[in-house]
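Colleague: I should like to learn how to read helices and strands in a model of this kind. Please show me the structure, and let us proceed feature by feature.

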Amino acid sequence: MFRTIINTQSVVAISDTHGRHRSLQIPRTDILIHAGDACTDGNMDELKVFFDWYAGLPARYKIFVPGNHDLIFELEPDSCGAIIPANVIWLNNAVIKIAGITVGALPPHFHWIDSFAHAGDSLDILITHAPPYGILDRNTGCRELSAYVMNTQPRFHFFRHIHEEAGKIHRIGGSSFVNACVFNE
């Protein structure tokens with residue numbers, strides 16, 4: 001779990017809960033980000049249980065970005081969208097502004113030209129599934145994503161997927177790269 005303050009707003013980022021979300025103690029915050037892999041098997045039943053929990057957490061804004069274990073979001077986006085509670089923001093290949101903070105999220109399997117990333121928007125927070133190549137990635141990160149973050153330099157880049165790097169932070173220039181995975185397997 002990672003906590004910070006951005007423009008006077010408290011932000012908490014988590015990811016890779018894989019159905020074990022109820023064992024976490026989430027503090028009261030302004031913005032809560034779950035950066036994917038809420039599920040293990042990625043089925044609707046798991047997602048419903050997760051969203052019941054997530055919707056009740058003490059956060060003014062709750063953002064959810066699916067991960068690779070939440071594959072059903074890519075296979076059945078309309079069905080998934082229907083189960084997301086009204087107080088949860090499903091952020092997918094989009095940029096939004098919350099309390100003066102610009103937040104963008106790319107889907108787990110994004111195509112560069114079909115994403116907002118090719119526009120080079122300036123972000124306070126970027127949320128992705130995979131890490132950028134060369135940053136807490138164990139040589140499995142995305143090279144296009146690395147080029148994007150080096151060019152645009154978001155203040156924070158929250159990602160996950162590499163459990164062995166859970167909770168680690170790497171700073172380059174004015175950007176903080178955070179592996180928000182909460183369980184190191």
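Colleague: Which residue caps the N-terminal end of α1?

Modeller: N43 does: one of its side-chain oxygens lies 3.1 Å from the backbone nitrogen of D45. Helices (H or I, at least four residues) and strands (E, at least two) are DSSP runs, numbered from the N terminus. This is a predicted model, in which local features need pLDDT of at least 70, side-chain atom pairs count only at pLDDT 80 or more, and totals for chains, interfaces and linings use all residues. Residues are numbered from 1 along each chain as its sequence is written, and side-chain values use heavy atoms, with hydrogens and water left out.

Colleague: What span should helix α1 have?

Modeller: The expected span is 1.5 Å times one less than the number of residues. For the 12 residues of α1 (residues 44–55) that gives 16 Å, and the end C-alpha atoms are 16 Å apart, which agrees.

Colleague: Which residues of α1 are buried?

Modeller: An α-helix has 3.6 residues a turn, so residues three or four places apart point the same way. Buried means under 20% relative accessible area (1.4 Å probe, protein chains only). In α1 the buried residues are M44, L47, F50, F51, W53, Y54 and A55. They pack against elements including β2 (9–14) and β3 (29–34).

Colleague: How many residues of β2 are buried?

Modeller: 6 of the 6 are, so β2 is largely enclosed by the rest of the structure. Q9, V11 and A13 cover one side, and S10, V12 and I14 the other.

Colleague: In which sense does β2 pair with β1?

Modeller: Two strands pair if DSSP finds at least two bridges between them. β1 (residues 2–6) and β2 are antiparallel over 5 bridges, with F2 opposite A13.

Key. Buried < 20%, exposed > 50% of the residue type's maximum accessible area, 1.4 Å probe, protein only. Contact = heavy atoms within 4.5 Å. Polar contact = N/O pair within 3.5 Å; in protein donor to acceptor, adjacent residues only side chain to side chain.
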